[in-house]
Amino acid sequence: MKKVNFFQASMIALCGAALTLTSCGGSCPAGQDGDSTAVKTTEMKKAPYQKKYTNADFYDAQGNFKQDVAKEAFLDMFDYYGVPFTPLMEKDIWFTDFGLGDFENTGMGGIFWINDSTYGYFAHSIYLLPGQMIPEHKHVKTAFPAKQESWLVDKGWVYNFSEVGDATEGAEALVPATQKATTVSKNFVKQNQGELLTLKTPESWHFMMAGPEGAIVWEFANYHDGDGLRFTNTKAAL
């Protein structure tokens, strides 16, 4: 029997593989054909999350805020983003329209993971439906230092507004109609997923507003004393 050297064996194997790829046509195993379902599935992008609720959904005929519908809306967003709704969230999550009657555009959901006055630290998750704005506010010094915050966007993205800095083109157009008259922050940046920003100056006016895909934001700060919370819209209350 004639011996086949290593080089010849390698060439035979390569030729065989080439013949298999050429001849298999539509029956090639997933991953062998450039048009395979596996490759197409990998390349497909998930459609962005979209607004599904309007203000009419969040209020009854008497104008009372419907907490159950707010919860339903956030659970739908959590499902899209793959956020598990844990027993602790079920127990401690909250939703508010800040008493303004415009939850579609001005409101939030949230949970205080920790708010420790003894050791002075705070962790919070901010939940915002598509286009939803937290009313403009600031934190002033009380018996505790003024709250200084940093925010990390986990899902979606937000407009992060501040009164500090030059006005950004288009800022006023972004603010919901019900908040235009009282909002003083004109400087903003688009804060994307994975980006971290810190409040520019303690006791300065600021707010954030979700983009059209909604947002989940982690907040880290020193102790939050509710007595130090102020809103530019005097009708707003937490």
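Biologist: Is Lys147 buried or exposed?

Modeller: In this predicted model, Lys147 is buried, because its relative accessible area is 5% and buried means under 20%.

Biologist: With which residue does Lys147 form a salt bridge?

Modeller: Side chains of opposite charge can pair when their charged atoms come close. Here, Lys147 forms a salt bridge with Glu149, and the closest N and O atoms are 2.9 Å apart. Glu149 also counts as buried, at 2% relative accessibility. Together with Glu219, Lys147 and Glu149 are linked in a network of salt bridges.

Biologist: How many salt bridges does a search of the whole structure find?

Modeller: The search finds seven. Among them is the pair of Lys186 and Glu172, with the closest N and O atoms 3.9 Å apart. Lys186 lies in the loop between helix 5 and strand 6, whereas Glu172 is in helix 5, so this pair ties together parts that are 14 residues apart in sequence. Lys186 is partly exposed, at 27%, and Glu172 is exposed, at 53%.

Biologist: How many bridges join strand 2 to strand 3?

Modeller: Seven bridges join these strands, which run antiparallel. They form a hairpin with four residues between them, and Gly120 in the turn has a positive phi of about 70 degrees. Strand 2 is also joined to strand 1, by three bridges and again antiparallel. Gly109 in strand 2 is the bridge partner of Phe95, and Gly109 also stands opposite Tyr127 in strand 3.

Biologist: Which residues make the nonpolar surface patch?

Modeller: Leu196, Trp218 and Phe220 make this patch of about 300 Å². Phe220 is placed in strand 8 and counts as partly exposed, at 40% relative accessibility.

Notes: Residues numbered from 1 in each chain as written. Predicted model: local features only at pLDDT ≥ 70, side-chain atom pairs only at ≥ 80, totals over all residues. Heavy atoms only, no water. Patch = residues over 30% accessible without salt bridge, like charges linked within 9 Å, V, L, I, M, F, W, Y side chains within 5 Å. Areas by Shrake-Rupley, 256 points an atom, 1.4 Å probe, with all protein chains shown as cover. Salt bridge = Lys/Arg side-chain N within 4 Å of Asp/Glu carboxyl O. Helix = DSSP H or I, 4+ residues; strand = E, 2+ residues; numbered from the N terminus. Buried < 20%, exposed > 50% of the residue type's maximum accessible area, 1.4 Å probe, protein only. Pairing = 2+ DSSP bridges.
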